[in-house]
Amino acid sequence: MEIKSGTLGSCSKDHQRIYQEWFNFADSDGDGRITGDAATKFFAMSKLSRQELKQVWAIADSKRQGFLGFHEFIIAVQLISLAQEGVELTPSSLKFEADVEKIDPPMMEGLDAMVAKSKNSTVLVDPVTNGSAQPLPPPSSQWFAPKSGRKAQAPQYSVTSIVDGLKRLYVEKLKPLEVAYRFNDFVSPLLTNSDFDAKPMVMLLGQYSTGKTTFIKHLLRCEYPGAHIGPEPTTDRFVVVMSGPDERSIPGNTIAVHADMPFNGLTKFGGAFLSKFECSQMPHPLLDQITFVDTPGVLSGEKQRTQRSYDFTGVISWFAAKCDMILLLFDPHKLDISDEFKRVIASLRGNDDKIRVVLNKADQVDTQQLMRVYGALMWSLGKVLNTPEVVRVYIGSFNDKPVNEGIVGPIGRDLFEKEQDDLLADLIDIPKKACDRRINEFVKRARAAKIHAYIISHLKKEMPAMMGKAKAQQRLIDNLEDEFAKVQRDYHLPAGDFPSVDHFKEVLSGYNIDKFEKLKPKTIQAVDDMLGYEIPELLKNFRNPYE
């Protein structure tokens, strides 16, 4: 997981200065992004074929964001330089043994003259301003016509990437539906910009002493602030491990009100939870790509009788909806799934595709015992995870100590190495799939909001106009499962997309159904148009410009 020096995107300071000039020239509006039309015009000066430039863009924009930032731009020009030297461009070109800092800038026909002209004409004297030097827009702003140079007049949600497009669609189309039917109270808090811009998150779950904190430390290859490791339940709080300018721990109440962090929704769990929540920041190349969420050990045995002071499963469910991957860690000596662990796994409902199971500390048992442990684990999981598919289980010993070959033998060591490589490859792919995950979660949320609106409006319609409203509401709540079935039949909706009946009953009992709004066909139609036309159009506009 360490960033290798042989990775494209790193370059000498002299080359970086050249690339910065090129990037500033192509980025006519100064927003730090080069989108499709500007990129095609700029890269056309390389005289590479369309097929080669298509491959350059695909590798440089590996996260499928729909634009190139400065780092991705460097990767693109280095790939162009390699292609001009006759190197075949493949995704494996990202990592190689050669010194990437020695890759010379590519030949770009006519670019130097255009950059020099842009520099000379940046500051001109305007007689109207009494001879004072005033910066004028560079000619590149006219050359790259699709991008306006008037950044100050850009709308609040100017769209220069897929994520920007999702932000605009949310505010204009989906949020009005959520607000009208109180979707934020029943299902998920309203989204903010920080929710869209957040780095991918990986959450680790498991009983105490299954190696969750050690797993994160193993990936980072160093300690992080607030990390406590021991055989007893040492991690008694939720710890978000993320990138920051220096090493420090930030208390939960501070993080929850921080506008640039996607944790505002956690305030609903109260001060008792926020006192058990903290953020651990440190500069690290891996944390620039992924944020980790370390959780308290799930209670088992007699400890389950001690009630937590906050809604533990509710917090887990909140994080599960935000995370890109959920790792369930097990210990060969702790395969039992306690009542609290069952509730935790049940709270992951709807996020089954994110779950990966890790059988950690597997070098503590020999090969024969490991086979039996694996079978017992699959049997236990089969009773809790109600899915027809077999969950992916990674076997290994994820810590900094060498594998205990005396117990597992050479075959076990090779198995653990392959399993660890597979898991690390899965983690490395997370940033690349982050944009696709954003789209997937957004569409899933839109469908859930639509179903929620249908349910609420149906219950509103079933309420009497004058007398007996309290009795009618209680009857509807008691027979909520039947009302769900009616909504499903009336609107031809899939049963699997409906929320949990018990949870819906619990929240609904605190509301007066008669106060909800009637169905708004225009708002529903706006969401349908967004799903059917606008999101596909957004993806089309920010796809590979050479396709």
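I started with Lys167: it is buried at 9% relative accessible area (buried is under 20%, exposed over 50%, partly exposed in between, with a 1.4 Å probe and protein chains only). This is a predicted model, where local features need pLDDT of at least 70, side-chain atom pairs count only at pLDDT 80 or more, and totals for chains, interfaces and linings use all residues. Residues are numbered from 1 along each chain as its sequence is written, and side-chain values use heavy atoms, with hydrogens and water left out.

What does Lys167 pair with? I found a salt bridge to Asp197 at 3.0 Å, N to O (a Lys or Arg side-chain nitrogen within 4 Å of an Asp or Glu carboxyl oxygen). The pair links distant parts of the chain, 30 residues apart: Lys167 is in helix H7 (162–180) and Asp197 in helix H9 (193–197). Helices are DSSP runs (H or I, at least four residues), numbered from the N terminus. Asp197 is partly exposed at 48%.

Next I checked Arg168 and Glu172, which form a salt bridge at 3.2 Å, N to O. They sit 4 residues apart in H7, so about one helical turn separates them. Arg168 is partly exposed at 24%, and Glu172 is too, at 44%.

Then I looked up Lys469 and Asp514, a salt bridge at 2.7 Å, N to O. Lys469 lies in helix H17 and Asp514 in the loop between H19 and H20, so the pair ties together parts 45 residues apart in sequence.

My search of the whole structure gave 27 salt bridges. I also noted a network linking Asp353, Lys354, Arg437, Glu441 and Lys444.

Methods:
Helices (H or I, at least four residues) and strands (E, at least two) are DSSP runs, numbered from the N terminus.
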